[in-house]
Amino acid sequence: MAILQEKAETLPGEGEVYAASPTDFKAFWPEIKSSYAFRNRRDFLAFMRENHGRIYCLYRKEVELPPFVLVGDWRNHSDIRALLQVKAEPWEREALIRGASEACLAEGTRCLITRPLPDREAEEYASWGFRPFCTVVLLEKTLRRESFPREPDGASIGHFRGRDLEEVLETDAAAFEDFWRLDRRTLSRIAESCLQNVFLVAKQGNRICGYVIGGANGRLGYLQRLGVHPRFQGQGLGECLARRLLRALQLMGATLVSVNTQEDNLPALSLYRKLGFRETGEKRFILQFPARESPGSRR
Ligand SMILES: CC(C)(COP(=O)(O)OP(=O)(O)OC[C@H]1O[C@@H](n2cnc3c(N)ncnc32)[C@H](O)[C@@H]1OP(=O)(O)O)[C@@H](O)C(=O)NCCC(=O)NCCS
C-alpha cells in the first residue's frame, strides 16, 4: 500500500490527510468488504464512481494500509455525504475525521453525516465539532403465535416483483421526508441484506400503496423498512403489512425481531408498540457536520 502514497504528486506530510487516487480504490476492498455495505467489489467500485466516493487517508510512511475513511453521497443527495466506514486506531481518528470533513466541505459538500453511532462514539464525534442530527431508538419483539391478518377492504398484499420497483420508490418518496427517501441502490441493498429476505407490497387495485421489507439471520429477524403512501395511511395497511412480515419471519425460523426508528416518529412507534415491540433502552445517534447545516428531518 506504500505505492498508494508514493503516487501522490506532492507527498503529504506525516499525519496529513489526502484523498486516495480512484485507481487505488481496489486496494482498500479487503478492508471495506467486512462492512457488508456493498454486494461485492464491483458494486463498491460502481458506488464510488456514481456517488462521489472518496477515500481519505492519513499519511503514514511505514504502513501497509493507511488509516482511512470512506465517504460517499447520502442516497440521492449529492450535497450530503455520509461517513460510511472508518478504519483507524483510536488516536488517529480525530485527525482523520476532521481532515476528511474539511476536504469534503472544500469540495462543495453542504453537510456530512455519520452512520448511527452508539453513545461513546457519538460523544467522540461531538467533541470534534459534530452536532446531533437525530436519535434512533431500538425496539424488539419476541415472536409468539403471529397472526396472518386479512387485508383492509379493497387492498391486496403480495410479494414484490421486479416490475414493482418504480412504484415502490414512488411510494417510499411519498411516505418519507426527503432526507430519508431511498434511492434504487439502497433499496436493493436493504432487500437483500439478510440470509433470508421478505419484501411485500400492498396494492389498491393495480397501484402499489405500501410496502414492507424484512429478513432473518437464523433466529434474529429484522423489520427493515415500512412505508404506506399518505393517501392510504390510517386504514390498517401498515399494521397488516407489518403483521404479515412478522408471520413470514417466524416461518423462516426467527424468534426475536428488531426494528428501529427515529425517536420522534410517533406513528411508527405507536404501531410497533401495538404489535408488541418494546424499547430495548439502546439508542443510536446520527451526527452532522458542520453544526449549522440542516440535512433534513423525519424518517
Ligand atoms: C408508520 C406507518 C407505516 C403506519 O401506516 P398506516 O397504514 O397509516 O398505519 P395503520 O393504519 O395500520 O395503523 C396502525 C397503528 O399505527 C399507529 N398509527 C398510525 N398512524 C398514526 C398516527 N398518525 N399517529 C399515531 N399513531 C399512528 C396506531 O397505533 C395505529 O393503531 P390504531 O389504529 O389502533 O390507533 C405510516 O404512517 C408511514 O408510512 N409513515 C412514514 C414512513 C415511516 O415512518 N415508516 C416507519 C419507520 S421505518
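This note goes through the predicted model point by point, from domains and sheet to helices, backbone details and ligand shell.

1. Domains. The structure is a predicted model. The domain assignment divides the chain into domain 1, residues 2–113, and domain 2, residues 139–286. Between the C-alpha centres of domain 1 and domain 2 the distance is 33 Å.

2. Sheet order. An open sheet is built from 12 strands, with mixed pairing. Read across, the order is β1-β2-β3-β4-β5-β12-β6-β11-β10-β9-β8-β7. On average, neighbouring strands are turned by 25° against each other, direction ignored.

3. Sheet edges. Which strands stand at the edges of the sheet? They are β1 (17–19) and β7 (155–159). Each has a single partner strand, so one side of β1 and one side of β7 have no neighbour in the sheet.

4. The β5–β12 pairing. Strand β5 covers residues 111–113 and strand β12 covers residues 278–289. Their pairing is antiparallel and rests on two bridges. Isoleucine 113 is opposite glutamine 288 of β12, and leucine 112 is opposite phenylalanine 289 of β12. In the order of the sheet, β12 sits between β5 and β6.

5. The β6–β12 pairing. Leucine 139 has glutamate 279 in β12 as its bridge partner.

6. The β6–β11 pairing. Strand β6 also runs antiparallel to strand β11, residues 256–262, and seven bridges join β6 to β11. Here valine 137 has threonine 261 in β11 as its bridge partner.

7. The β10–β11 pairing. Strands β10 and β11 run parallel and are joined by three bridges. Glycine 221 has valine 257 in β11 as its bridge partner. Strand β10 (220–228) is also one of the elements that supply at least two residues of the shell around the ligand.

8. Helix packing. Helix α2, residues 25–32, packs on helix α3, residues 41–50. The angle is about 125° and the axes are 10 Å apart. With that angle, α2 is oblique to α3. The crossing of α2 past α3 is right-handed.

9. Positive phi. Histidine 52 has phi near 50°, a positive value in a residue other than glycine. Histidine 52 lies in the loop between α3 and β2 (54–58). A reader checking the backbone may wish to look at this residue.

10. Cis peptide. The peptide bond from phenylalanine 289 to proline 290 is cis, with omega near 0°. Proline 290 belongs to the segment after β12. Phenylalanine 289 of β12 is also the residue that stands opposite leucine 112.

11. Ligand shell, membership. Which residues come nearest to the ligand? Of the 22 residues around the ligand, they are Gln233, Gly238, Glu239, Pro267 and Leu271. The elements β10 (220–228), α8 (237–251) and α9 (266–274) each give at least two residues to this shell. The largest contribution is from α9, with six residues.

12. Ligand shell, composition. By residue class, the shell around the ligand has nine nonpolar, nine polar and four charged residues.

Terms used:
Residues numbered from 1 in each chain as written. Predicted model: local features only at pLDDT ≥ 70, side-chain atom pairs only at ≥ 80, totals over all residues. Near = placed C-beta within 6 Å. Helix = DSSP H or I, 4+ residues; strand = E, 2+ residues; numbered from the N terminus. Nonpolar A, V, L, I, M, F, W, Y, C, P; charged D, E, K, R; others polar. Domains from an automatic or database assignment. Pairing = 2+ DSSP bridges. Axes fitted to C-alpha atoms, helices over the stretch in contact; angles between N-to-C directions. Parallel < 35°, antiparallel > 145°, perpendicular 65-115°, else oblique. Left-handed = near helix turned anticlockwise from the far one by under 90°.
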